[in-house]
Amino acid sequence: MESLLLLLLVVLLAGTALSQDMPHEHLLAQLQACPKECRCPPSFPNAVYCDNRGLKRVPVIPPYTWYLYLQSNGIEVLPEDAFRNATQLKWLNLNRNRLTNEGLQEGALRSMPNLVHLYMEDNQLGSVPSPLPPKLEQLRLSRNRISKIPAGVFAGMDGLTLLDLQGNKLQDDAVTEVSLKGLTNLVQINLAKNQLGMMPLGLPPTMTQIYLDSNNIEKIPPEYFKGLPKVTFLRLNENKLGKGGIPKYVFNTSSILDLQLSHNELTEIPHIPASLEQLHLDHNKIKSVNGSDICPVPAGADYFDDNSPRLRYLRLDGNEIQPPIPHDLMVCFRSLRAVVI
């Protein structure tokens with residue numbers, strides 16, 4: 001009787017199944033193999049929802065699963081054969097479990113050859129797990145206890161574009177050219193809320209977004225961005241950047257459009273490139289603004305060419321600056337739409 005009902009359900013949902021390129025026999029097998037602890041919506045047969053079920057282990061996963069949600073359970077161990085049936089997995093969410101490196105048996109993650117998104121946030125990992133799925137594009141490991149990035153862990157991971165390690169215990173000696181080797185196409189990295197005292201080394205030239213908020217960074221090396229020509233978004237809020245910590249022309253070699261330096265110890269506005277569009281300097285120790293000093297183009301320059309200042313948003317509140325907005329600031333940055341003092 002149960003098989004008959006499933007068959008009728010397959011017929012009714014044929015249009016949906018076809019839209020997901022799943023043959024009828026695969027759909028039937030997927031629904032029949034759905035773990036009793038989980039939910040497998042017939043309208044979305046490639047997804048298996050096992051979140052918030054109080055699970056201590058990974059159930060047997062149906063063979064045609066692309067999206068697997070195991071977050072908010074009590075899983076402590078991933079056996080090597082945990083995903084032996086789920087070779088088609090593309091997206092795996094293991095957030096908010098109790099996973100440690102000791103609980104990850106060798107090969108448990110590597111056994112998913114098609115996985116592109118891996119979420120393991122809010123666990124108890126002490127280092128970046130290894131070996132990783134070979135086709136991974138996004139790896140999210142925030143809010144663990146990670147203090148180590150093993151050498152070679154990213155070898156062959158040229159498809160990885162996003163690496164999220166915020167809220168861990170990484171220090172300068174953990175983030176190096178050796179530990180990041182292999183990330184040849186990385187675009188976004190999040191190292192906020194760690195224990196870094198210096199700008200991270202070893203970032204590839206493909207980087208466009210760098211998050212370094214809430215560390216202990218005191219200075220930026222003068223040539224730092226020469227090897228990062230594509231960076232457009234940089235966050236260094238809540239660090240210890242002060243007088244002398246930002247070399248005068250350090251940002252001129254970059255393509256940064258959005259620069260965030262809030263909650264530091266800056267006493268003056270740093271020199272910015274003409275291409276910058278948003279600048280956040282709130283809650284520093286800046287006492288005055290001189291538009292002529294910070295203007296990235298010389299007085300009398302043609303403001304209608306491609307090199308004219310593009311700054312549109314400037315935030316200066318939480319400093320020691322008193323209104324009104326200086327006239328020379330507006331003369332230089334004619335594209336300004338908002339200034340917060």
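## Model and confidence

The structure is a predicted model, in which local features need pLDDT of at least 70, side-chain atom pairs count only at pLDDT 80 or more, and totals for chains, interfaces and linings use all residues. Residues are numbered from 1 along each chain as its sequence is written, and side-chain values use heavy atoms, with hydrogens and water left out.

The chain has a mean pLDDT of 90, and 91% of its residues reach 70 or more; pLDDT is the predictor's confidence in each residue, from 0 to 100. Residues 1–19 have pLDDT below 50, and this stretch has 16 contacts in the model beyond near neighbours in sequence. A contact means heavy atoms within 4.5 Å.

## Helix α3

Helix α3 spans residues 24–32, and its buried residues are L27, Q30 and L31. These residues lie on the same side of α3 because they cover an arc of only 95° around the axis. The arc is taken from the directions from the helix axis to the C-beta atoms. Buried means under 20% relative accessible area, exposed means over 50%, and partly exposed is in between (1.4 Å probe, protein chains only). Helices (H or I, at least four residues) and strands (E, at least two) are DSSP runs, numbered from the N terminus.

## Nonpolar surface patch

I325, M330 and I341 make a nonpolar surface patch of about 210 Å². Patch residues have over 30% relative accessible area and no salt bridge; like charges are joined within 9 Å, and nonpolar side chains (Val, Leu, Ile, Met, Phe, Trp, Tyr) within 5 Å. Accessible areas come from the Shrake-Rupley method with a 1.4 Å probe, and for residues only the protein chains shown count as cover. I341 sits in the segment after β13 (338–340) and is partly exposed, with a relative accessible area of 34%.

## Salt bridges

The whole structure contains 10 salt bridges, each being a side-chain nitrogen of Lys or Arg within 4 Å of a carboxyl oxygen of Asp or Glu. R143 pairs with E121, with the closest N and O atoms 3.4 Å apart. This pair links distant parts of the chain, 22 residues apart: R143 is in the loop between β5 (138–140) and β6 (162–164), and E121 is in the loop between β4 (117–119) and β5. R143 is partly exposed at 37% relative accessible area, whereas E121 is buried at 11%.

In the salt bridge between D282 and R315, the closest N and O atoms are 3.5 Å apart. D282 lies in the loop between β11 (278–280) and α4 (291–294) and R315 in strand β12 (residues 313–315), so the pair ties together parts that are 33 residues apart in sequence. D282 is buried at 3% relative accessible area, while R315 is partly exposed at 27%. Elsewhere, salt bridges with shared partners join K36, E37 and R57 into one network. E37 is buried at 19% relative accessibility, and K36 is exposed at 76%.

## Surroundings of L212

L212 is in the loop between β8 (209–211) and β9 (233–235) and is buried, at 0% relative accessibility. Leaving out residues up to four places away in sequence, L212 touches L191, A192, L196, M199, P200, I217, R235, L236, N237 and N239. The C-alpha atoms of L212 and I321 are 26 Å apart, and the two residues are separated by 109 residues in sequence.
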